[in-house]
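Please read the following alongside the sequence and the 3D structure. The account moves from a ring contact to a strand and then to a helix.

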Amino acid sequence: MNTSELQRIKQRYNIVGNCDRLNRALDIALQVAPTDLSVLIVGESGVGKEIIPRVIHDNSPRRREKYFAINCGSIPEGTIDSELFGHEKGSFTGAVGESEGYFGTANKGTIFLDEVGELPLATQARLLRVLETGEYIRVGGQKIMKTDVRIVAATNVNMRKAISEGRFREDLFYRLNTIPIQMPPLRDRGEDIVLLFRLFAMQMAEKYHLPKITLNDEAKQLLLQYKWPGNVRQLKNITEQMSVLSEKREIDARELLHFIPKDTESTQLAIIGKPGEHSYETEREILYKILYELRGNVSDLKRDMNVLKKQLDEARALSGAQGFATPQETAIVRRADESPYAILNPAGRQPQAAAYDAFAEEIREPESLNLNDLGRQMVEKALERNGGNRKKAAQELGISDRTLYRRIKQYGLE
């Protein structure tokens, strides 16, 4: 296709960009348009796949006939057969009359099946029959209907994977994929990204009478390196946001980052390199960065643990200075005569079996041991400082209300 013809198509359909892969897709669309071959357009969501079937229809012998664009993913599974192939009166609840369906209405025209990978398997079998014979049967009917429809389909699904998983019929795939057209993602279109930004900025300025936004060099570089998971649709959305919300009219990189999504998946910058080249150096840099960040996190955790340990040691020392027993390992040792002795092991070691023929049991309530160090005077002072409030005095002493009451009764402080 010559350059003048290509520019004519781009102007007619408002297509912006000079990417080789985009030009190739348009070239294939124009070459296949005069035929009735089925076309399958493959590309990520938001790349503009819907333009290609329009180009094919408008440049085909069917251009004066009807054109229908159908989103297969938006029609419920229970009604999609009726929508596509029609139904007879009374075939299901709500079928008050006959319906021709899209294949009946679009006879001699073109049907664009967007998201064809979302079709149920039963509907795929019906569609395969239409592609092979031009025949179909309405829902609830028995009469074989004939139609002459050109089918152009599009999908963002990995069809090979869908076939291997049993979600898409392999025979239907080959019928649809007679002429494949691959639409490039926005991140692979280079300078087209900046051109599209200018177009969307100009459209917003004209539509809402706003000063047009522009990009400085740093912002342009960031725009070119960004991954664009939402492709052209996402670029248009961000441009519209900046046109309305940004106070600046010349957007720099810092301002642009306020409008780019901040989740890790979508903000990862695209790696620019030669086609088919695998950059192990870049992967190593990413791994080194992750390991460095993990090492920093571990260091921070160790520092926090040391601070916490120091605070606990200070708290224990303070409690000991006020007459409280610090948490230590305590055991009850029973000799052969079964008389119990409470002993304190300051070093935190178990009593030696050679000294006693005994066994150790852990004491789970250290309160009673703390009370051994509490005298009448400490209980009196605690009550005095808290105005006789037993609950507050017990909290100060680090014991329960019930234990304090027993001590008060024991010391005759009632």
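Over the ring of which residue does the charged end of R54 sit? The charged end of R54 sits over the ring of Y67, 4.3 Å from the ring centre; for this, CZ of Arg or NZ of Lys must be within 6 Å of the ring centre and within 35 degrees of the ring normal.

The model is predicted: local features need pLDDT of at least 70, side-chain atom pairs count only at pLDDT 80 or more, and totals for chains, interfaces and linings use all residues. Residues are numbered from 1 along each chain as its sequence is written, and side-chain values use heavy atoms, with hydrogens and water left out.

Next come the aromatic rings. Rings of Phe, Tyr and Trp (its six-membered ring) pair if their centres lie within 6.5 Å; planes under 30 degrees apart count as stacked, over 60 as edge-to-face and the rest as tilted. The count by this rule is 5 aromatic pairs. In one of them, F85 and Y136 are tilted, with 6.0 Å centre to centre and 40° between the planes. This pair links distant parts of the chain, since F85 belongs to helix α4 (residues 80-85) and Y136 to strand β4 (residues 135-137), 51 residues apart. Helices (H or I, at least four residues) and strands (E, at least two) are DSSP runs, numbered from the N terminus. F85 is buried at a relative accessible area of 0%, and Y136 is buried at 4%. Buried means under 20% relative accessible area, exposed over 50%, and partly exposed in between (1.4 Å probe, protein chains only). Ring pairs also bring in F103, giving a cluster of F85, F103 and Y136.

Strand β6 (residues 150-155) has 6 of its 6 residues buried, so the rest of the structure largely encloses it. In a regular strand the side chains alternate between the two faces of the sheet. In β6, R150, V152 and A154 are buried on one side, and I151, A153 and T155 on the other. Strands pair if DSSP finds at least two bridges between them. Strand β1 (residues 39-42) runs parallel to β6 and is joined to it by 4 bridges, with V39 opposite V152. Strand β3 (residues 110-114) is also parallel to β6, with 4 bridges, and L113 has A153 as its bridge partner.

Helix α16 (residues 376-385) has V379, A382 and L383 as its buried residues. Seen down the helix axis, they fall within an arc of 95° (taken from the directions from the axis to the C-beta atoms), so they line one face of α16. On the other side, Q377, E384 and R385 are exposed. Just after α16, G387 takes a positive phi of about 60°.
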